[in-house]
Amino acid sequence: MITCPNCKHPEPAGAIFCSECGMQLLEIEPKKTQQIVDETPDSGPAPARPVQQQIQDAWISLHLLDSGQVLSINDRTEFTLGRSSESQPIMPDIDLNPYRAYDHGVSRLHAVIKSVNGQTIVMDLGSSNGTYLNGARLAPNVPNPLRHGDVIALGKLKMQVILSL
């Protein structure tokens, strides 16, 4: 656990922003920004961009708390999260297999995040191991508002929501 220097709210280790007041918890200097490269075997390495630039370009980013990686989404207003499977006819928009999704209990089509009339919502899609918002289990197929800094968990895979303002 880390403590927000502004409001003293406890946050999980690896959190970037305080879920209570929104203060940035990590000092990110432009010269020392970490490079993240997509190393999926099918596509080869993608051109790396600094994390700060990825976050600025996206309307929403998901900071995976276990690995520290940031998934930035900027090309769609609705996307499903889950893990792909060879026998599955419908694939999730965001495949979490590279982040040990199966080991964490992520369903094939686990949850959906979308932006509706300026509000961001998350909805569990009837997953086996549940979707949690700030530790509270969500009822299946019920939209729940997301705020900047919220922590969602798909099974045991935790990620912090970074919304661009």
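# Close-up views of a predicted chain

**View 1. Arg83 is a buried charge without a salt bridge.** In this predicted model, the nearest side chain of opposite charge, Asp95, is 7.7 Å away from Arg83. Buried means under 20% relative accessible area, exposed over 50%, and partly exposed in between (1.4 Å probe, protein chains only). Lys and Arg count as positive, Asp and Glu as negative; His and the chain ends are not counted. A salt bridge is a side-chain nitrogen of Lys or Arg within 4 Å of a carboxyl oxygen of Asp or Glu. Arg83 sits in the loop between strand E7 (78-82) and strand E8 (94-95). Helices (H or I, at least four residues) and strands (E, at least two) are DSSP runs, numbered from the N terminus. What does the side chain of Arg83 reach at 2.6 Å? The backbone oxygen of Val106. Arg83 also touches a set of residues that includes Gln88, Pro92, Asp95, Tyr102 and Arg108, leaving aside residues up to four places away in sequence. Contact here means heavy atoms within 4.5 Å.

*Notes for every view.* Residues are numbered from 1 along each chain as its sequence is written, and side-chain values use heavy atoms, with hydrogens and water left out. The model is predicted: local features need pLDDT of at least 70, side-chain atom pairs count only at pLDDT 80 or more, and totals for chains, interfaces and linings use all residues.

**View 2. The whole chain has 2 helices and 15 strands.** Buried residues make up 42% of its 165 residues. The accessible surface comes to about 9,400 Å². Carbon and sulfur atoms account for 50% of that surface. Areas come from the Shrake-Rupley method with a 1.4 Å probe; for residues, only the protein chains shown count as cover. Among contacts between residues at least 6 apart in sequence, 35% join residues at least 24 apart.

**View 3. An open sheet of 5 strands runs in the order E8-E7-E9-E10-E13.** The pairing is mixed. E8 and strand E13 (144-145) stand at the edges with a single partner strand each, so one side of each has no neighbour in the sheet. Two strands pair if DSSP finds at least two bridges between them. Strands of a sheet pair through backbone hydrogen bonds, either parallel or antiparallel.

**View 4. Strand E9 (residues 111-116) is joined to E7 by 4 bridges.** These two strands run antiparallel. Leu81 stands opposite Ala111 in E9. E9 is also joined to E10, by 6 bridges, again antiparallel. Here Ala111 stands opposite Asp124 in E10. E9 and E10 form a hairpin with 2 residues between them. Asn117, in the turn, has a positive phi of about 50 degrees.

**View 5. Strand E10 (residues 119-124) pairs with E13 in the antiparallel sense.** The pairing spans 2 bridges. Which residue of E13 is the bridge partner of Val122? It is Asn144.

**View 6. The chain has 3 salt bridges.** Side chains of opposite charge can pair when their charged atoms come close. Asp93 pairs with Arg76, with the closest N and O atoms 2.9 Å apart. This pair links distant parts of the chain, 17 residues apart. Asp93 is in the loop between E7 and E8, and Arg76 in the loop between strand E6 (70-73) and E7. Asp93 counts as partly exposed at 39% relative accessibility. Arg76, at 34%, is partly exposed too. Asp103 and Arg100 meet in a salt bridge at 3.3 Å, N to O. Both Asp103 and Arg100 are exposed. Arg147 and Asp150 form a salt bridge with closest N and O atoms 3.9 Å apart. Is Asp150 buried or exposed? Asp150 is buried, at 2% relative accessibility.

**View 7. Val161 lies in strand E15 (residues 157-163).** Its relative accessibility is 0%, so Val161 counts as buried. Val161 and Val151 are 10 residues apart in sequence and 6.1 Å apart in space, C-alpha to C-alpha. Beyond residues up to four places away in sequence, Val161 touches several others, among them Ile60, Leu62, Leu146, Arg147 and Asp150.

View 8. Most residues other than glycine have a negative phi, and most peptide bonds are trans. Asn134 has a positive phi of about 50 degrees although it is not a glycine. Asn134 is found in the loop between strand E11 (131-133) and strand E12 (136-137). At 45% relative accessibility, Asn134 is partly exposed. Asn141, likewise not a glycine, has a positive phi of about 60 degrees. Asn141 lies in the loop between E12 and E13.

Notes. Polar contact = N/O pair within 3.5 Å; in protein donor to acceptor, adjacent residues only side chain to side chain.
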